[in-house]
Amino acid sequence: MATNAIDPIPPNKTFDTILVLDFGSQYSHLITRRLRELNVYSEMLPCTQKLAELSWTPKGVILSGGPYSVYWDDAPHVDPAVFSLGVPMLGICYGLQEIAWHFGKNVLAGEKREYGHAYLKVESHGDAEMGGHVDKLFKGLEGDMEVWMSHGDKLSHLPDDFVTTATTSNAPFAGIAHRHKMLYGIQFHPEVTHTPRGKELLKNFAVDICQAKTDWTMGKFVDQELARIRALVGDKGQVIGAVSGGVDSTVAAKLMQEAIGERFHAVLVDNGVLRLDEAKQVKETLTKGLGINLTVVDASDRFLGRLKGVTDDPEKKRKIIGNTFIEVFQETAKKIAAESQGSSRAGEIEWLLQGTLYPDVIESISFKGPSATIKTHHNVGGLLEGMHLKLIEPLRELFKDEVRELGTNLGIPEDLVWRHPFPGPGIAIRILGEVTPEQVRIAREADYIFIEEIRAAGLYRKISQAFAALLPVKAVGVMGDKRVHDQVIALRAVETSDFMTADWYPFDGAFLKKVSRRIVNEVEGVCRVVYDITSKPPGTIEME
Ligand code: GLN
């Protein structure tokens, strides 16, 4: 959890945990996600993890796929201690090859790559001599099964003491298992949706073979987490944290409030480029609705003053807003610290709350190959000069969908739980060109109408992110028989599952017509509305 605090109750000590050792496949994190969806807790660590340094014992280990070939001189290998850990193990793709390599080095390059769909034939053994464990991985999946392959290497022959459990027309060793140990390998990827029954296979492994409990639910996590926060912060410690009105910071703040009440101080910085009436609404929800101890700082003038005249480089806007934010947050933190020092009920502010999620953690630890250096996690605590705050990150084990479920459990309104992401620099990066109070007004009003119509049409949850941007150009129009020369609003709405790639949303014409009519009629200064039909890539979701 925090950089220099000992975490008393991490989930891997309280929940049965399947350890995924990552060899750098682009799907590794999906293995962890699928297991969590089965209510089995799972964590991912780099394949180089030394087992002696692990402070907990996994119920089972999965070796992921990876872009390397096990027979390369500098190929990554697991700590051999994994093989004597005595818990079941499943190798996926590179993972299977790693197991075969460990038991006999019989892996080589195939004549052709196998990429895409394949039909798997499961071979049952039913052999009591082998303890019956060999068939367990494919239990209920006997017969033909569609799987997804992505490999170029193959096993030359079975390692000693292994049997074949599945084949495809291309891969005679699509599935292997050890005769006596709970050791399994599969050449295909069960974690991707292209393997439709892959989740059942993962369940067979985690639940039947590893005997992991399926008790990973947000209802259970919340109790553990409150206890964990209280143990960490103690009964006098105070915590400060910024909130934005987004789901992550709100869920994190609500957890803190439940755990330590008024000793958590939430700070909302109004940077002048929030959405229409947003600061007011966030204040209502967080204080009246959720009982969070919140300080709102209106620093709009300072932000807008510094943004004045910045027209050239969008990065400059981001920097100004980022730095000003830290400055304002720091001033506020010091003020709150000074005010609360005299009170007898609490000690000093020692902790800084961060809404870090598991994908950020994975990103910072994931295995990037023999030569790449591993990025250390960005520590905002260090940015708050002279305060020496320790980080507390109560969501650091959670995926986004888990955060939403937790939010619902904590009584956070649905509207907020399903809110579209909103960037830190706010609408400043949706106003192309100079950000002035007048431009902010136009962008805000147009955005408000667009989102209102999306909600009214019942599309808000289908769309992943939507907003109105203000283009730095003027176009001619005729309004009330008069020629006008006014600005152009661009609407953007995308669907995506991971925000890495995205498609623009195919609104019907009537919807666009209605939004366009309302914006031109109701927002002074706009005479044209266009719809952005660029996918990501090559476009980004935001415009700057
Ligand atoms: N590089 C290995 C191969 O080509 C493993 C690939 C993988 O894990 N997806 O067979």
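**Exercise 1.** Which backbone atom type of S150 lies 2.9 Å from a nitrogen atom of the ligand?

*Solution.* The structure is a predicted model, in which local features need pLDDT of at least 70, side-chain atom pairs count only at pLDDT 80 or more, and totals for chains, interfaces and linings use all residues. Residues are numbered from 1 along each chain as its sequence is written, and side-chain values use heavy atoms, with hydrogens and water left out.

Step 1. A backbone N or O atom of S150 lies 2.9 Å from a nitrogen atom of the ligand. A polar contact is a pair of N or O atoms within 3.5 Å.

Step 2. For G66, a backbone N or O atom is 2.9 Å from an oxygen atom of the ligand. A polar backbone atom of G152 lies 2.8 Å from an oxygen atom of the ligand.

Step 3. The ligand taken alone exposes 300 Å², and the protein buries 90% of that (Shrake-Rupley method, 1.4 Å probe).

**Exercise 2.** State which element supplies the largest share of the shell around the ligand.

*Solution.* Step 1. The residues surrounding the ligand (a heavy atom within 4 Å) include Y68, Q97, D153 and H189.

Step 2. Both α3 (94-102) and β6 (144-155) supply at least two shell residues each; helices are DSSP runs of H or I of at least four residues, and strands are E runs of at least two.

Step 3. The largest share, four residues, comes from β6.

**Exercise 3.** Identify the residues that I519 touches.

*Solution.* Not counting residues up to four places away in sequence, I519 touches A446, I449, I489, L491, V526 and V529 (heavy atoms within 4.5 Å).

Methods. Polar contact = N/O pair within 3.5 Å; in protein donor to acceptor, adjacent residues only side chain to side chain.
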